[in-house]
Each structure stands twice: as C-alpha cells, then as structure tokens.
Amino acid sequence: MRFTNAEYVGSFFKVEDIPKTGYPEIAFAGRSNVGKSTLINKILNRKKLAQVSKSPGKTRALNYFEIDHKYYFVDLPGFGYAKISKKDREQWGKLIESYFKTSKKLKGVIHIIDSRRGLMDSDRSLKEYIDYFDIEVLWVLSKVDKLKNQARADIYRNTLHELNCSPQRLMFFSAVDGLGVTEIKKLIMEILKR
Ligand SMILES: Nc1nc2c(ncn2[C@@H]2O[C@H](COP(=O)(O)OP(=O)(O)O)[C@@H](O)[C@H]2O)c(=O)[nH]1
Ligand SMILES: [Mg+2]
C-alpha cells in the first residue's frame with residue numbers, strides 16, 4: 001500500500017522557509033472550505049491529519065505533510081472568502097506565485113472545485129498561475145454527494161468545457177461515500193513518478 005505513513009512537517013509563511021529535502025511534492029489548492037484538507041485526509045486514510053491547517057493562523061500558510069518518507073503533500077492556503085480584503089488577496093497571490101516559482105520539486109497541483117458552484121473567478125486566477133508556470137494539474141469536483149445525477153452530469157460537462165481538458169484530468173470526489181479517492185490516489189502516484 002502507498003501513502004501509509006504521513007506526518008505533519010510544519011506550516012510555512014515564506015517560501016524561504018519550506019523544507020529543502022528535495023522530495024517530490026503535490027500541492028492541493030482551491031477556495032477556502034472547498035474540501036482540500038478533507039481530500040488529503042481521505043487519500044491518506046487519516047481522520048484529522050490535515051485539520052492542523054485549519055487551526056488559527058495556519059489557513060494562510062503552506063502546510064507540509066511528509067508521505068512515506070519520500071514525498072510531500074502541501075495544503076495550500078485557501079482563497080476566495082468573500083470577506084477577504086484586497087491586501088489579503090494580493091498576499092495570497094504573492095505567496096502562491098513565489099511558491100510555484102520556487103518549488104523545484106512540485107510535480108503537480110490538485111485543484112479542487114466545489115461541484116455546487118463550478119469554476120469561480122478565484123479558480124480562474126489560480127488556473128492562470130498554474131498555466132503560466134506550466135504545472136501538471138488534476139481537477140477535482142468536490143462534495144458531489146450534494147448533487148443529484150443530472151446536476152452532476154451538467155457541472156461535469158460545463159467544467160470540462162471551460163477547462164478544455166481531457167476527461168481523465170477531471171474527477172469527482174465525495175468524502176461522504178469515498179467516490180473518486182482510489183482514482184485520485186492512482187493519478188497522484190503517476191504524477192509523482194514522472
Ligand atoms: N458533504 C460533503 N462535505 C464535505 C466534503 N468534503 C469536505 N466537506 C466539508 O466541507 C467543509 C470544509 O472542508 P475542509 O476540508 O476543511 O476545506 P478546506 O478549507 O478546503 O480545507 C468541512 O465541513 C467538510 O466536512 C464532501 O465531499 N462532501
Ligand atoms: Mg483546510
């Protein structure tokens with residue numbers, strides 16, 4: 001089994017401080033509350049590990065988890081809270097940008113999108129950064145248990161169309177019934193091996 005050993009490494013507010021071990025890493029990005037930490041926990045089969053990034057002060061940090069002593073998962077700061085100030089948004093952009101620029105071992109980004117909302121402007125900004133730095137990406141439509149079949153099909157089609165990507169790159173995820181976890185895990189493994 002893979003991803004069996006996972007430990008919290010730390011929360012970093014500046015790219016200068018991120019671990020320099022050189023392990024290949026996968027980053028989890030998306031709006032606040034979209035389910036980033038939940039997906040990380042599901043992939044690692046742990047109940048609360050990534051919840052650490054929810055504690056005060058850490059929602060704006062790069063939260064590092066060491067996996068199987070050879071990879072990192074990075075829970076990126078969320079974005080897109082309505083109440084966030086312009087200054088906070090700029091800070092988020094700067095941190096994300098310098099992270100993408102600095103992290104030489106970043107193999108791919110898991111960009112999580114709320115299936116009830118689809119792509120929002122903040123998702124489009126994130127996508128621009130990812131495209132600009134030419135980073136491999138896997139899109140995940142989260143909380144799909146909240147949607148009926150027809151709504152699922154609609155959001156899938158619309159999102160696929162807007163992303164203009166292959167269907168293999170866009171997955172459903174539900175923490176309630178575990179939909180998508182095995183497939184997402186498999187794809188992450190493939191990305192890490194590249
Ligand atoms: N129904 C449902 N709720 C979810 C799912 N994933 C996450 N949540 C809930 O959404 C909230 C935010 O999740 P969290 O992982 O903390 O989001 P983050 O801010 O992106 O890390 C929590 O209350 C989760 O329990 C899902 O697939 N289905
Ligand atoms: Mg979180």
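Start with one bridge: F65 has F73 as its bridge partner in β4. Strands here are DSSP E runs of at least two residues and helices are H or I runs of at least four, numbered from the N terminus. The model is predicted: local features need pLDDT of at least 70, side-chain atom pairs count only at pLDDT 80 or more, and totals for chains, interfaces and linings use all residues. Residues are numbered from 1 along each chain as its sequence is written, while chains are lettered from A and ligands numbered from 1 in the order in which they are written.

β3 and β4 run antiparallel, joined by five bridges. Two strands count as paired if DSSP finds at least two bridges between them. E66 stands opposite Y72 in β4. Three residues separate the two strands of this hairpin. In the turn, D68 has a positive phi of about 50 degrees.

β3 also pairs with β1 (residues 6–12), in the antiparallel sense, over six bridges. There, E66 is the bridge partner of E7. β4 pairs with β2 as well, in the parallel sense, over four bridges. In that pairing I26 has F73 as its partner in β4.

How many of the residues of β4 are buried? Five of its five are. Buried means that 20 or more other C-beta atoms lie within 10 Å of the residue's own, exposed means 12 or fewer, and partly exposed is in between; C-beta atoms are placed from the backbone. In a regular strand the side chains alternate between the two faces of the sheet. Y71, F73 and D75 lie on one side of β4, Y72 and V74 on the other, and all are buried. In β3, five of six residues are buried.

Now the core. In soluble globular proteins, nonpolar side chains tend to be buried together. A nonpolar core is a set of buried Ala, Val, Leu, Ile, Met, Phe, Trp, Tyr and Cys residues joined through C-beta atoms within 7 Å. The largest one holds 39 residues, and F28, F73, V74 and V140 touch the most other members. Elements giving it two or more residues include β2 (25–30), α1 (36–44) and β6 (137–142). Leaving out residues up to four places away in sequence, F73 touches I26, F28, I40, F65 and I67. Such contacts need C-beta atoms within 7 Å.

Last, the ligand. Ligand 1 is surrounded by 18 residues, the closest being G35, K36, S37, T38 and A175. A shell residue has its C-beta atom within 6 Å of the ligand. α1 gives the largest share, three residues.

Terms used
Two residues are in contact if their C-beta atoms, placed from the backbone, lie within 7 Å.
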